[in-house]
Amino acid sequence: MKPITKLSIILMLVGAALSCQEEVPVEIEPGTYGKSTSVTISSEAGTKDIAVTSNGQWKASLGYDTATWASIEGENTGNGNGKVTVKYRANNGLIRQGMVLVSSNSKATIDTVFLNQYGIEPSVAIEAENLNFSCVAGADSTLFDTNVPVSEFEHFTVATTWDEGGEGWLTPILRDDLGRIVIKVDENTKFAERKATVTITYKDEWGNTHSTSTRITQGIPGGTESTVLKTFQDVRNLLTADGEMVIQDDISIEGLVVSDRDGRNMGETIDSETSSGDPASPTATYKGVDYTVDDTTVYLENEDGSLGFRIITSSIEANQTVRFAKTKLWLKGLTLKRESNPVRYTLSGVQAEHYISSVVGTAEDIPVKNRYIRDLKDEDIYTYVTLKKCEYPIRRGMICLMNYGYRARQAKLASVVADIHGDWIYQLFNSMCPWINNFPVPQGQGKVSGILVHEQSQRYNPDSAQSLGRYQIRSCNKADIQVTASAKDSYTTVITEWADNASDGHARRVHPDPSFNIDDYPPATYWGIEPTYGKGFFYHCKGLWPVITSGYCHPSDYTKTVGNAIYGFNTWWDAAAGEPNYAVWRFSTKGLSGSFASLAFTTRHHSQTSPPFWNVEYSIDEGATWKKVGDEFFIPPTATWSPKTMFHQISGEKPNFYALPAEILGHDVAMVRIIPSRDMIESATGWNNGGPLSKNNGYLDICYSAIRYKK
């Protein structure tokens, strides 16, 4: 008979914190699968001795993962009794478990010692204790907070416990980045509330479980058996003059959701004032951006797209709309508001109980409304429209001319979209909208889609009730902007352009180009800025030396500025003549003809002591006479960070666009100027309290300008 080989493992607990040894024997018997034991060790670095008792040869090794934080010191083999010393590192992370494997050379059995090392206790928490859903099918999510790394995702389980009344009506999904849990619910067509509990459980390396739960409630359909479905026009007819009313009738409407709440560009974010500031006062100081209105704004249009409502939900949680879904709302108890110039309607106060039904749809369900800008009408407000034959005339940098370091201090910004007829409209972007990051402005032509809205901003003109015009467009996402990237596709032709031509900027002070065929005007003593394309000259009427500084819109990185990108002048009052000074773009349109020309440019003030209001004028007789074009425009001062940011300041550059009459074409010399239109300047505390123009000492800054024409 062969001798029986025996192996025992004795764990000897050693360390500064322990005053005695603890022995844990483990026996190996022929034909068994091995035995195991476990021991806990400190989170601090140390060593552990494992005594091995055997009447034969043996070998010790570490589990694969254990070898990343522990090692065997000295011998790991022996014949007969012996010892294995395990050295382990400090554990600054979660509690963990390692393995020391001791095997007999004569039998295929392995004994295991589990090393349970103390560390940080795992924590899991669902932010929302309760999630409430309306009756409609949809999804919502809440933050999931855990200190467990993403690599442990497979050790999480998600389970649902159903209350009486039905199962299978919700699907919980834990995102693989462990950042949120998404709850998808089916439509509830029964007049009975449904409830369930969703639990997330994590099993740590010691085998312990850690759980957190959220309670899910889905409400019943809104309305009653007597609810009457009304048309959009029926509801508008309830209020034919400006004002508000609470709807008392048991009525409903049904329409298509054309907004995208996930795009973060639907509602009008709000510039908040300090508690001591008066929001109606231009001296009110800026505190932060309030996204609540954006999060609670929905746009619903009827099935033919002829009319739309802005819907404001009572809370972020109550906005359970899904884009393109055919949605029916119960209107009883909602507030209907009518506003004019332009006429538009808002329904506010929507809660979960106001949803009656929602049927999932697609983009193909939305009526196609292709419009030229000149064809827009009040009935298009709060509906989804597509502007055709468009281009972005401000062709530099990012789609938002923003100082991104200040983006949290301004609720929204505007870009200019122009079309083939020379008409234009502002396109609005919430400053914190994520999809505008590193979005270079398209250079060609195409379509721009979105929700037609009416909003204003005193940052763009604090002295006008129509500071942003009659209509603006809010694109739902990046896919709404279908404009080609190449300038070769543009429907307008550049005559001369002052723009970036290198990553380090473009502005350069020069004398007039001698080849421009001008004699003494401007005189040789004049200094100005040369264009980056075409022939021309931008200069101050008194020939002053232009200032050059850095601009915000880097051509490839929205977080960077551009050196030598902004140019401008000061001194806007001629004391001897008793009239304003001005700045001039001088160029040639010889041999050109077309339907219109245009001037596109960006402006801001370098300081708070410059003229705020200006006119655009043109001349085709070398400045002998000037003709005004369009309305006066407002130039906001650059935003200040400290001690306060003013509500009339802008954290970027304001885009401007003017269609010039066709008569400016076909001349050896054509000129366009900008000239102060009011005898006032800004100050550090307001847009209209700096005194007369004669006190001016601030620079007007321009970062981009171009003269184009449409053949």
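These are my notebook entries on a few spots I looked up in a predicted model.

**Ground rules.** I number residues from 1 along each chain as its sequence is written, and side-chain values use heavy atoms, with hydrogens and water left out. Since the model is predicted, local features need pLDDT of at least 70 and side-chain atom pairs count only at pLDDT 80 or more, while totals for chains, interfaces and linings use all residues.

**Whole chain.** I looked up helices and strands first. The chain has 2 helices and 51 strands (DSSP runs, H or I of at least four residues for helices and E of at least two for strands, numbered from the N terminus). Of its 711 residues, 53% count as buried (under 20% relative accessible area; exposed is over 50%, partly exposed in between, with a 1.4 Å probe and protein chains only).

**T386.** I found T386 in strand β31, residues 384–391. T386 is buried, at a relative accessible area of 9%. Its side chain makes a polar contact with the side chain of S449 at 2.8 Å (a pair of N or O atoms within 3.5 Å; within protein, one must be able to donate a hydrogen and the other to accept it, and residues adjacent in sequence count only if both atoms are side-chain atoms). Leaving out residues up to four places away in sequence, T386 touches K369, N370, R371, K447, V448 and S449 (contact means heavy atoms within 4.5 Å).

**A sheet.** Next I traced an open sheet of 5 strands, in the order β3-β10-β9-β5-β7 with mixed pairing (two strands pair if DSSP finds at least two bridges between them). β3 (36–41) and β7 (77–79) stand at the edges with a single partner strand each, so one side of each has no neighbour in the sheet. β9 (residues 96–104) and β10 (residues 110–117) pair in the antiparallel sense over 8 bridges.

**Aromatic rings.** I then counted 25 aromatic pairs (rings of Phe, Tyr and Trp, its six-membered ring, with centres within 6.5 Å; planes under 30 degrees apart are stacked, over 60 edge-to-face, the rest tilted). F232 and F309 have ring centres 5.1 Å apart and planes at 45°, so I noted that pair as tilted. F232 sits in helix α1 (residues 232–236) and F309 in strand β25 (residues 308–313), so the pair ties together parts 77 residues apart in sequence. F232 is buried at 3% relative accessibility, and F309 is buried at 0%. For F601 and Y658, the centres are 6.5 Å apart and the planes at 15°, so this pair is stacked. Both F601 and Y658 are buried.
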